[in-house]
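My entries are set down below in the order in which I looked.

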Amino acid sequence: MSRIITEQDRKRKETAKEHGKCMMTRRQFMMYSGAAAISASTVSISLYPGTADAKNMKARVVGYPRKKIAALGDFKDNEPIDFNYPDDGPNSSCMAVKLGGVRAGGGVGEQRDIVSFSYLCTHQGGPLQGSYKVVGDQRILGQCPLHLSTYDMRRHGIIVSGQAYESLPQVLLEIDGDDVYAVGLMGLLFGRDSNL
Ligand code: FES
């Protein structure tokens, strides 16, 4: 799994070069995240092909849930909104925030400045609640209280400094009417072997 995450980070860096400020297009973001807006679907699969027991079956494929975070009007500049995603299980603490007009990779809204991330540091799971900072044009989550990692929220949560070596998992957002929804995750939540 760690090899896959490393490959994801490499793609993020390539995209950052292409877009100068790491502004991944929405289409790239969707393709990269592999997020499913549909919560579940049914597909046909073949079991034991080429054997006497070969048979076709229907399988249920579960994707990320679609969860309302808040109404657009609830977002105030630089004031994080906390929620859990993709479930209420361990290590599901997340935050969404409007970066005060600073456009961000994966951002939604008129100014593309609403983004969302996991609250768990990718190093050893340190809690990042309360660590959101505005430093000029920078928008930072950190320092992690355990080993001081910080993450850039404008650039898909890449590491700015510290002990971590993986980007912070980013929650894929969509706007539907006046509401903001979480619909997927880019990156593996700390402490889990699967997000779902
Ligand atoms: S747990 Fe966050 S830097 Fe180590």
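What follows are my notes, beginning with the numbering and the overall layout.

**Ground rules.** I number residues from 1 along each chain, as its sequence is written. This is a predicted model, so I kept in mind that local features need pLDDT of at least 70 and that side-chain atom pairs count only at pLDDT 80 or more, whereas totals for chains, interfaces and linings use all residues.

**Layout.** I found two helices and twelve strands in the protein chain, taking helices (H or I, at least four residues) and strands (E, at least two) as DSSP runs numbered from the N terminus. Along the sequence the pattern reads α-α-β-β-β-β-β-β-β-β-β-β-β-β. Of the 196 residues, 35% count as buried; a residue is buried if 20 or more other C-beta atoms lie within 10 Å of its own, exposed if 12 or fewer, and partly exposed in between, with C-beta atoms placed from the backbone.

**Strand 12.** I looked next at strand 12 (residues 179–186), which is largely enclosed by the rest of the structure because six of its eight residues are buried. Strand 11 (residues 170–176) pairs with strand 12 in the antiparallel sense over seven bridges, where pairing requires that DSSP finds at least two bridges between the strands. Within this pair I noted Leu185 of strand 12 as the bridge partner of Val171. Their hairpin has two residues between the strands, and Gly177 there takes a positive phi near 65°. Strand 3 (residues 67–71) also runs antiparallel to strand 12, joined to it by four bridges, and I saw Ala70 standing opposite Val180 of strand 12.

**Core.** Which residues touch the most other members of the largest nonpolar core? I found Ile114, Val115, Phe117, Met153, Val171 and Leu173, in a core of 36 residues; such a core is a set of buried Ala, Val, Leu, Ile, Met, Phe, Trp, Tyr and Cys residues joined through C-beta atoms within 7 Å. Strand 5 (93–98), strand 6, strand 11 and strand 12 are the elements that give two or more residues to this core, and the largest share, five residues, comes from strand 12. Not counting residues up to four places away in sequence, Val115 touches Val97, Leu99, Ala104, Gly106, Gly107, Met153 and Gln170, contact being C-beta atoms, placed from the backbone, within 7 Å.

**Two loop residues.** I then turned to Leu120, in the loop between strand 6 (114–118) and strand 7 (132–135), and to Asn91, in the loop between strand 4 (81–84) and strand 5. Is Leu120 buried or exposed? Leu120 counts as buried because it has 24 C-beta neighbours inside 10 Å, while Asn91, with 16 other C-beta atoms within 10 Å, is partly exposed. Asn91 and Leu120 are 29 residues apart in sequence, yet their C-alpha atoms are 6.9 Å apart. Leaving aside neighbours within four places in sequence, the contacts of Leu120 include Asn91, Leu189 and Phe190, and those of Asn91 include Leu120, Leu189 and Phe190.

Last, I traced an open sheet of four strands in the order 7-8-9-10, with antiparallel pairing. Its edge strands are strand 7 and strand 10 (158–161), each pairing on one side only. Three bridges join strand 9 (residues 150–152) to strand 10, and Tyr151 stands opposite Ile159 of strand 10.

Note on methods: Contact = placed C-beta atoms within 7 Å.
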